[in-house]
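The following exercises are to be worked through with the sequence and the model side by side. Each task is followed by a solution in steps.

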Amino acid sequence: MRQRGITLAAIAIGLATAPAQANEPLAFKGMTLGAPATAITQDPRFDCRNVKTPTADLVCTLRPKQLETLAGAPLISLYYFFDRARLTGVTANLPESQFETVRTALETKYGIATIHTETIKTLSGKSFENRTLSWQASHGKLELQRYAGQVNRSLLRLTDEQAATRIRERQLKPASQDI
């Protein structure tokens with residue numbers, strides 16, 4: 001009986017700390033990594049600008065006074081990142097008070113997350129336990145961070161982890177090979 005209890009405890013610990021494997025591709029509002037930019041660039045609620053970053057050549061954000069929600073939680077800001085008209089990432093800020101609502105929705109959709117915790121301090125010295133939940137897929141990662149820059153904001157980030165490498169390799173390729 002003692003052996004069985006130890007085994008069950010080990011299985012429970014393993015489940016709680018193992019990387020979550022999504023049953024479906026990671027997505028934000030139905031857009032998976034690699035999705036075409038047209039769904040956002042043709043939406044009048046968004047303003048898109050050409051940029052040169054390690055993971056994008058186009059960034060789109062909500063225009064002023066445009067609202068978006070995630071699991072019913074209002075978003076403070078929302079950015080879509082594209083390279084060659086394909087989604088490479090999404091960053092969304094939300095009120096920290098909505099962290100648990102979004103966490104529950106993401107765990108319902110993607111399963112139990114891997115959790116990283118750290119203690120952070122405000123400038124006044126008050127300590128908070130910051131939790132970052134992550135879900136890993138074959139070429140992407142979804143993260144939800146409880147405190148992001150301010151203790152009243154949380155951050156959701158969907159990233160194509162190979163995007164920066166692909167872009168860097170493309171930029172280093174001699175022009176003669178790019179014909």
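**Exercise 1. Aromatic pairs**

Determine how many aromatic pairs the structure holds, and describe the pair formed by Phe-46 and Tyr-80.

Solution. Step 1: Rings of Phe, Tyr and Trp (its six-membered ring) are paired if their centres lie within 6.5 Å; planes under 30 degrees apart count as stacked, over 60 as edge-to-face and the rest as tilted. By this criterion the structure holds four aromatic pairs.

Step 2: Phe-46 and Tyr-80 form an edge-to-face pair, with 5.5 Å from centre to centre and 80 degrees between the planes. The pair links distant parts of the chain, since Phe-46 belongs to strand E4 (residues 46-53) and Tyr-80 to strand E8, 34 residues apart. Helices (H or I, at least four residues) and strands (E, at least two) are DSSP runs, numbered from the N terminus.

Step 3: Both Phe-46 and Tyr-80 are buried; buried means under 20% relative accessible area, exposed over 50%, and partly exposed in between (1.4 Å probe, protein chains only). Phe-28, Phe-46, Tyr-80 and Phe-82 form one aromatic cluster.

The model is predicted: local features need pLDDT of at least 70 and side-chain atom pairs count only at pLDDT 80 or more, whereas totals for chains, interfaces and linings use all residues. Residues are numbered from 1 along each chain as its sequence is written, and side-chain values use heavy atoms, with hydrogens and water left out.

**Exercise 2. The largest nonpolar core**

State how many residues the largest nonpolar core has, and list the contacts of Phe-28.

Solution. Step 1: A nonpolar core is a set of buried Ala, Val, Leu, Ile, Met, Phe, Trp, Tyr and Cys residues joined through side-chain atoms within 4.5 Å. The largest one has 33 residues, and Phe-28, Leu-78, Tyr-80, Phe-82, Trp-135 and Leu-156 have the most contacts inside it.

Step 2: Among the elements that give two or more residues to this core are strand E2 (27-28), strand E9 (86-95), helix H3 (99-110) and strand E13 (153-160).

Step 3: Contact means heavy atoms within 4.5 Å. Neighbours within four places in sequence left aside, Phe-28 is in contact with Leu-70, Leu-75, Leu-78, Tyr-80, Val-90, Ala-92, Leu-156 and Leu-158.

**Exercise 3. Salt bridges of Glu-68**

Which residues form a salt bridge with Glu-68, and is Glu-68 buried or exposed?

Solution. Step 1: A salt bridge is a side-chain nitrogen of Lys or Arg within 4 Å of a carboxyl oxygen of Asp or Glu. The structure holds 11 salt bridges.

Step 2: Glu-68 forms a salt bridge with Lys-29, with 3.2 Å between the closest N and O atoms. This pair joins the loop between E5 and E6, where Glu-68 lies, to the loop between E2 and strand E3 (31-32), where Lys-29 lies, 39 residues apart.

Step 3: Glu-68 also forms a salt bridge with Arg-45, the closest N and O atoms being 3.1 Å apart. Here Arg-45 is in the loop between helix H2 (38-41) and E4, 23 residues apart from Glu-68.

Step 4: Glu-68 counts as buried because its relative accessibility is 13%. Lys-29 is partly exposed at 41%, and Arg-45 is partly exposed at 25%. Lys-29, Asp-43, Arg-45 and Glu-68 are linked in a network of salt bridges.
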